[in-house]
Amino acid sequence: MFRHALEILSAWALPLLLAGIPIIALARGVKVYPAFLEGAKQGFETAVRVIPALVAIVVALGMLKASGAMDAFARALAPITGAVGIPASVLPMIIVRPLSGGGALGVAADVLRTEGPDSYAGRLVSVMAGSTETTFYVLAVYMGAIGVTRYRHALPAGLIADAVGFAASVLVVRAVFG
Amino acid sequence: MYQKFALAVAGADNSCMGFIWVLLLAASTLAAAVGGRMDALTGAIASSARTAVELSLGLVGVMTLWLGLMKVAEEAGLVALLARGARPLLRRLFPEVPEGHPALGAMVMNIAANMLGLGNAATPFGIEAMRRLDELNPHRGTASDAQALFCALNTASVQLVPASILALRASAGARSPGDVIGPTLVATACAATAAVVTAKLLARLAPPRPRAGGETTGGA
């Protein structure tokens with residue numbers, strides 16, 4: 001039931017947004033086509049802006065694999081990672097996600113490319129990246145902008161949110177894709 | 001004590017990432033030296049760099065489509081519409097913010113923009129919300145309960161469509177790139193709930209105390 005509802009939501013979300021938003025916009029008198037082109041112009045720039053972080057992370061992960069260090073690492077951690085349902089290739093996501101948005105995208109790209117987007121690892125890494133944020137960056141920007149230097153519980157709350165997001169990702173991906 | 005730690009780590013965002021990065025590079029080189037795989041390692045360096053650029057160029061199509069669509073959504077007033085829906089919820093989460101205070105409006109717009117994945121639009125609203133919340137903050141330079149909760153909510157990334165991940169999945173040849181949307185929504189809802197519960201709980205356990213040497217006047 002739950003699984004079925006999520007599948008329908010997933011299948012309908014994109015086409016519905018793609019058709020629905022322009023229809024609403026048209027009904028509200030927005031010049032839809034020029035507005036689309038205006039926003040779309042940033043697409044290339046956005047993709048190019050992640051190149052430095054992607055190169056840094058994908059090269060590091062590529063080296064980790066080619067050197068055999070990844071295999072050794074995976075073997076050493078296999079009992080733990082297997083027990084909680086997180087493949088070794090997905091582990092870097094948990095370390096990198098709170099620190100760097102581009103880095104997290106790099107980890108996701110690497111897993112999707114090597115294990116395939118429809119594998120368990122590929123889906124898990126996608127859900128993990130989509131459900132959490134670059135906690136340290138968010139705090140630095142928002143607190144820094146108004147000169148707050150004592151964050152109090154904002155950091156632990158943000159990190160616990162990330163941890164819960166990761167755990168929930170494992171449970172949901174297992175429940176839905178089995 | 002942990003405030004100092006928080007500042008050190010958050011301020012050192014890049015250097016912390018740098019430390020992990022250098023560790024990865026050094027560990028790989030060492031492992032290759034021990035395992036006699038230097039040739040394979042050298043090959044992997046060049047091919048990985050090329051792959052990374054190909055990956056980011058693969059994002060262009062979907063990102064362009066999505067950012068165009070989001071601009072249409074913005075001009076159609078959908079951000080404002082979402083904001084109206086989020087308002088009652090926010091009033092509950094931030095009871096200390098008086099009705100009609102501009103902080104509430106800015107927070108609502110920030111969360112609505114985040115939900116649509118409009119990161120560029122969300123940040124200015126978020127900073128405005130923090131500035132307005134600071135007007136209600138008796139301890140300048142120390143985060144108020146509301147500010148800590150608002151930041152924690154932002155770190156949980158409540159997003160209706162994770163556009164860049166979908167773009168990556170599409171370019172990797174996923175059968176149905178959007179099949180993770182539903183699971184992602186459930187996971188992000190759990191994360192947001194955890195952020196609220198933790199922030200509310202910790203706010204009660206550790207109320208703000210004025211610093212021993214008297215209040216400094218923070219703020220920019």
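In this predicted model, 97 residues of chain A are in contact with 101 residues of chain B, two residues being in contact if their C-beta atoms, placed from the backbone, lie within 7 Å. Helix 10 of chain A (residues 154-177) gives the most to the side of chain A that touches chain B, contributing 15 residues. By class, that side of chain A has 65 nonpolar, 21 polar and 11 charged residues; Ala, Val, Leu, Ile, Met, Phe, Trp, Tyr, Cys and Pro count as nonpolar, Asp, Glu, Lys and Arg as charged, and the others, Gly among them, as polar.

Some conventions apply throughout. Residues are numbered from 1 along each chain as its sequence is written, while chains are lettered from A and ligands numbered from 1 in the order in which they are written. Because the model is predicted, local features need pLDDT of at least 70 and side-chain atom pairs count only at pLDDT 80 or more, whereas totals for chains, interfaces and linings use all residues.

Chain A itself has 10 helices and 0 strands, where helices (H or I, at least four residues) and strands (E, at least two) are DSSP runs numbered from the N terminus. Its C-alpha trace spans about 60 × 50 × 35 Å along the principal axes. Of its 178 residues, 53% count as buried; a residue is buried if 20 or more other C-beta atoms lie within 10 Å of its own, exposed if 12 or fewer, and partly exposed in between. Among the contacts in chain A with a separation of 6 or more, 65% are accounted for by residues 24 or more positions apart.

Helix 1 of chain A (residues 2-27) has a kink of about 35 degrees at Ala13(A), shortly before the proline Pro15(A); the bend at a residue is the angle between axes fitted to the seven residues ending there and the seven starting there. The buried residues of helix 1 are Leu6(A), Ser10(A), Leu14(A), Ile21(A), Pro22(A) and Ala25(A). Their cover includes helix 2 (32-40) and helix 10 of chain A, together with helix 4 (60-75), helix 5 (78-93) and helix 10 (181-205) of chain B. After helix 1 comes Gly29(A), with a positive phi near 80 degrees.

Two helices of chain A pack against helix 8 of chain B.

Ala154(A), Ala157(A), Gly158(A) and Ala161(A) meet Ala148(B), Cys151(B), Ala152(B) and Thr155(B).

Between helix 9 and helix 10 of chain A, the loop holds Arg152(A). Although Arg152(A) is not a glycine, its phi is positive, about 50 degrees. Arg152(A) is buried, with 27 other C-beta atoms within 10 Å.
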